[in-house]
Amino acid sequence: MTSEANTTDYEIAVERVVGFLQQFDRAHFDLACHAAFPLVITPDLLYQIWLRFVPKAPWTAVARVLLSRLCREVGYELYEMDIAVRNLLLTELKDNEDFNQDKPRLEELADFLTSYVKQQFAGDNPHTKNLAQGQYWTALAYTKPEQLSRELLEAINFRLQEKNWKELFRLSSLIETFAEPLQKFSPLLITYVRGIERLTCGDKISAEELFRRLPSQKRYIEINGVNVPLLNRVYLSKFGQGNSSLTVYAFHLRNSINQGLQPTVPEAPQLWEQLVDLGNALHIPELQTLRQKLICYEGDRYFPEAEDFLGAEYLTLLQNNEPSLDFQVPPQPGGLEIQGLLCPFRLHDTYAIDLTLFSQDALTLPQLNYLNPQNAILQNIHASLGQTLLLFCQPLEIQEDNYQALADACVAQLFPGENSIDLVDTGSLLGNPIFEYESGIANPGNKLHILVWFKCQDMNANNMDRVAEFLLHLLWCRHKILYVYQQSRWCVNQAKKLYGSLEHYRSNVSQISETPNRRSHLINLHAELQQVALDYTNYLNDLVEHENTIAINETNYKTYLEKLENFPFTKLSFCQEFLRFGKKMQRQIQIDRESLGTGGDRLQSLKATVGESIATEPIASEPPSEIYPQLPEIYPRLRQALSDCAQFQSHDRLFNFFDANEPLKPWRDDLPEVINNRAERAERVIGFLVDQKRSDSQENVLLILLRLLKDQIDPIKPLYQTLSSLLQELNPLLSGSQKNSILYLNRSEKMAQSPYEETILDFIYVAQKQPKLFTAEDRADFAQLVATLPDDLEEISNAIALWCEAHPHILNAIFALPVEELDSLRAAGGRNTPLTGKEAKDAIENTVRESIPPEKSPPPPPKK
C-alpha cells in the first residue's frame, strides 16, 4: 500500500527511532530492536529478551523502551509498536553483523518466542489463545513463511464460512503486521488480505479494486495451495440520518461503610475529573468547565455536602435541576457534526452518568468511530464499578437475518484496538435486535461491556424514554454485583493467606518452648495471633456482607428486568443469563465461607493454647529485651508506670477506657485478659500494642495509650511526670523506621555495591521517603510479591525490578532521584561484606510493615 499516508507513517517512524537513539545509548537501542520482533510485548517478555539477548543494557532499559514513543499501550501490561517503527528496527537488527554471526538473530528470536509462548500462554482463555496465536505466527513469518501462509489462509477460510466479520477484520489487521516478511514470498496473500480488510470496513470500491488484481475470474483463487473465495458482496450497510448514537453508562462508588467520618470515599470525585479530562482531550468547553455546573462543587473544590442539603439520594447533579448538559464536539473529518449530552446522577451510594454522542448525518460503517473520537472515551472514563457502552443505529439495508455480522463489524469499527471482545448473547428490545458483547478482563473498572441495538422498525418514543430509565438502573445493579463479587475474591485470597500462616505460628510455639524468657515470646506471639484472628474474622464478615449486597442488587436487577420485558416484543435472554450467573456468585461465596470457617476455629484454638501457656508461665524478672530491643532500659519503668495507672486495676476498667477513647476503640475487643495481676496486665498490653499503628495516622497505639493516660492524671502527681518522660523517650523509638537503618548506617569500611543491591536499596529508599506514591492497590500487590520472595539476592532484585516496570509511577520516582542523593545513600550503605539475600528480604518486609503496609481490609463494597 504505497500512499501519501504510508509515506507519512514512515517519516513518523524515522523521527521516533532517531529520537530514541538521541535520548539513549546503543545498548538501549539494541534492546529496542529486539523488542520489535514480538507482535505484542509484555514487561515479562521484554525482561526475558533482555536477559537472554541484550544483558549489557541496564535493567531499567526494559521500562524505558516500553514507556518510550516507540511503543504504545494497548491493554493492561500489553504494548505494541506501529508497523513502520517495527520494520525499521527489525531491518537494523538484520543488518547488524554483531547479532548475525553464527545464526541469524531473527531465527534465534523466533525459536525463543516459540518456546516462550508454549510456556506462558497455555490455557483455554480466548484472549490468551489469540495472543499466543499472534506470537506464534510472528515466529513463523521469519522462519517458515510457507507454513504461515497456509495457516493464515485456512484461518481466513474458516472465518468466511462462519461469516464472522469481526474476526476477519481482526485477522486482516494482524496479517498486515507480517506484510514485510510475507511480501516477497506470498504477494497474492497480502493483496487478498487487504481486500478482506477493506470489505469488512464497508469500502466496497477499494475491496473490488484489490480483488481485480488477483489472477482469477472464478469464484475462488488458489494461493499457496489453498482455495479461498473471491468476494463481491458487502454485508454491511449505511445507517440512517439522526439515528446513530453511542451512550456511555458509567457507575462510580460514592460511599462505603468504611469511609469513616468523611462524607464520601476519597476516590468519589474521580468520575467528574475524568469527564473534565475528556473535555480537555476533545476540546469541549462544556466538559472542561463541568465542575462549575455540578451542585457537588464549590468553584473547583469538591463539596459533596451540598448534595445532602437537597435531602434526596436519587437526584440529577446539574445546578438548577437541569436535566442534561448539551455540547458540540469539534468538527470531524468530512464535515460530520457530532453532538453530545451529559446527564449526571447520584443513585444512592453511586455516582452515575449517561453520556451520549450522536450525529444527525447518515453514517457509513467506517464513520462510526467518529462517535468515539480518538478513542477518547475508553482512554478517559474509568469508573470504579464499571461502564456499559450502548451503540444505537438504524441500518438502511435489510441484512437478511445477518444482523449479528453487522453488529460484529460495528464493534470492530468502534473499538479497533480491542481484540478480545466477544459476543455473549442476543435479544430483542421493543421488537428490534440487540446484541451483548464483553471483554475477558476480570477487573470491573477495566472490563468492556457493550450493547448494540439496531432500529429495524419504528418504536414508540414514550416507550424509548422509559426503556432508557429502566436500563440505567438495570445496568447499575449489574455493575454493583460484578464489583462486589470481585471484592469477595480479594477477601477469599487474603483469608487463605492468613490460614496458610497457621503452620508457621504452630512452629513458633514449638520453638518458643525451648527458648529462655518464654513468657515474653508467648505474649508477643499471642498479640500477633490476635491481629491475625481479627483480620481473618473481618474477611469472613466481609464475605457475608458481599453475599447480602449481591442478593439485594440481584433482587433489584430482576425488578428492572421485569419492567423492561413487560414492553411489547421484548426478550432479553442475556439478562436472564446474568441472573443465573448471580446465583452462582452467591453460591460460590457460601462455599468459600464454609471452607474458611474451619480456619477461624483453628486460629482461635491456637490463640487459646498460647493464652493458656502464658497464664501458666511465671513472670520473668528481666525485661524481654530480645523481643523489644528498642526498650531494654525503658521497659521496667514502662511496665511499672502502666501498672500504677488506675485503668489497669482490672480488665473491665481498661476495656471501658479503650471504649471511651475513639483512637483506642479498634483495639478494645482484643485486649488480653488477665485476672488480678496489674503487672502482668501491663506486660501483655505492651506486647499487644508495641507494634500496632492506626491505619489513618500511622501513629503507634502504645504511644496513644500513654498520652491518653497522662491526660487523665493531675499534672502535679509524679505519675504524670513519669508518663511524660516515657512518651519523650519512646516517641523516637516507636514512631520512626528503625529496623532498616542497618542497611544504611554504622558501616565504617566501604565496598562497591552490585546492581542487585542498588536496585533493592533504591526501592527501599523511595518507599520510606515517598510512601504516598503507593496506592492501596500498589501496597496490596507488593505485599503479595513479598510473601513469595526467596532468600536469593539476585532473584529478589529481579522480582522488584519487574514489579517496578509494571508500576511506572514507582519506577519514575526512582529515576527522578537526584544522582547526588542516590550516591549519598549508597555510600552510606557501603559495607565490608555483600548484602545477603536474607538481609535484603528482612529489610523489604520491614519496609512493607512500617512504610507501605497493605490495608487490613479490601475496598468496601457498595450497599443498597
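User: How do the residues lining the second largest pocket divide by class?

Analyst: The lining has 16 nonpolar, 10 polar and 4 charged residues. Here Ala, Val, Leu, Ile, Met, Phe, Trp, Tyr, Cys and Pro count as nonpolar, Asp, Glu, Lys and Arg as charged, and the others, Gly among them, as polar. This is a predicted model, in which local features need pLDDT of at least 70 and side-chain atom pairs pLDDT 80 or more, while totals for chains, interfaces and linings use all residues. Residues are numbered from 1 along each chain as its sequence is written, and side-chain values use heavy atoms, leaving out hydrogens and water.

User: Which residues lie nearest the centre of that pocket?

Analyst: Tyr249, Asp354, Thr356, Asp465 and Ala468 do, out of 30 lining residues.

User: And which element gives the largest share of the lining?

Analyst: α18 does, with 9 residues. The elements giving two or more residues are β5 (244–253), β10 (338–347), β11 (350–359), β12 (386–393) and α18 (461–500). Helices (H or I, at least four residues) and strands (E, at least two) are DSSP runs, numbered from the N terminus.

User: Changing topic: how do α19 and α21 cross?

Analyst: The axes of α19 (residues 502–512) and α21 (residues 573–616) come within 11 Å and cross at roughly 15°. The two helices are therefore roughly parallel to each other, a term for angles under 35 degrees.

User: Which residues meet there?

Analyst: Leu502, Tyr505, Arg506 and Val509 in α19 meet Gly599, Arg602, Leu603, Leu606 and Val610 in α21, with contact meaning heavy atoms within 4.5 Å. By class, 6 are nonpolar, 1 is polar and 2 are charged.

Conventions:
Axes fitted to C-alpha atoms, helices over the stretch in contact; angles between N-to-C directions. Parallel < 35°, antiparallel > 145°, perpendicular 65-115°, else oblique. 1 Å grid on protein atoms, 1.4 Å probe; cavity = no way out; pocket = protein on both sides within 12 Å on 5 of 7 lines; lining within 4 Å.
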